[in-house]
Amino acid sequence: MMQELDPLLHSQLRLAVMSILLGVEQADFVYLKEKTESTAGNLSVQLEKLAAAGYISKETDGSGAKARTICRMTDTGRAAMQAYVDALKTYFTGLNQ
């Protein structure tokens with residue numbers, strides 16, 4: 001039986017951010033923007049959605065033009081990614097039956 005995919009992670013940009021954060025301890029906004037090739041506005045909105053769900057933590061140090069936002073994946077986010085990958089596998093397994 002195919003599992004439902006987490007709609008929060010089933011967005012290209014949010015999935016890209018989560019995939020990047022799986023491989024690093026933390027990433028700043030500029031790095032995520034460069035790696036995902038997204039606009040600052042779109043990335044900001046998607047990071048807020050991930051933070052609101054508890055999938056990432058965001059921390060801003062400094063203020064004004066020099067402010068730097070650091071993102072980290074939470075344990076909740078890691079569990080959600082694992083569940084997403086497991087659910088995705090059921091789709092591939094289902095295709096082979």
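**Helix packing around H2**

Tutor: H2 and H3 are roughly perpendicular to each other. The angle between H2 and helix H3, residues 40-52, is about 110°. Their axes lie 10 Å apart. An angle from 65 to 115 degrees counts as roughly perpendicular, so the pair falls in that class. Keep in mind that this is a predicted model.

Now the handedness. H2 passes H3 in a right-handed crossing. On the H2 side, Phe-29, Leu-32 and Lys-33 make the contact. On the H3 side, the contact residues are Ala-40, Leu-43, Ser-44 and Leu-47. Sorted by class, this contact of H2 with H3 has 5 nonpolar, 1 polar and 1 charged residues.

Next, the loop between H2 and H3. Glu-37 sits there. Its phi is near 55°. That is a positive value in a residue other than glycine. Most residues other than glycine have a negative phi. Glu-37 is also exposed, with a relative accessible area of 74%. The cut-off for exposed is over 50%, so Glu-37 qualifies.

Turn to the other partner of H2. Helix H1 covers residues 12-23, and H2 covers residues 29-36. H1 and H2 pack at an angle of about 120°, and their axes are 10 Å apart. That angle makes H1 oblique to H2. H1 passes H2 in a right-handed crossing. From H1, the contact uses Leu-13, Ala-16, Val-17 and Ile-20. From H2, it uses Tyr-31, Leu-32, Lys-35 and Thr-36. By class, the contact of H1 with H2 has 6 nonpolar, 1 polar and 1 charged residues.

The protein chain has 4 helices and 3 strands. Along the sequence, the pattern reads α-β-α-α-β-β-α. The C-alpha trace spans about 55 × 25 × 20 Å along its principal axes. The chain has 97 residues, and 34% of them count as buried. Take the contacts in the chain with a separation of 6 or more: residues 24 or more positions apart account for 55% of them. The accessible surface comes to about 6,200 Å². Carbon and sulfur atoms hold 52% of that surface.

Definitions and conventions:
Residues are numbered from 1 along each chain as its sequence is written. This is a predicted model: local features need pLDDT of at least 70, side-chain atom pairs count only at pLDDT 80 or more; totals for chains, interfaces and linings use all residues. Side-chain values use heavy atoms; hydrogens and water are left out. Axes are lines fitted to C-alpha atoms, for helices over the stretch in contact, and angles run from 0 to 180 degrees between N-to-C directions. Helices (H or I, at least four residues) and strands (E, at least two) are DSSP runs, numbered from the N terminus. Angles under 35 degrees count as roughly parallel, over 145 as roughly antiparallel, 65 to 115 as roughly perpendicular and the rest as oblique. A crossing is left-handed if the near helix is turned anticlockwise from the far one by less than a right angle, and right-handed if clockwise. Contact means heavy atoms within 4.5 Å. Ala, Val, Leu, Ile, Met, Phe, Trp, Tyr, Cys and Pro count as nonpolar, Asp, Glu, Lys and Arg as charged, and the others, Gly among them, as polar. Buried means under 20% relative accessible area, exposed over 50%, partly exposed in between (1.4 Å probe, protein chains only). Accessible areas come from the Shrake-Rupley method with a 1.4 Å probe; for residues, only the protein chains shown count as cover.
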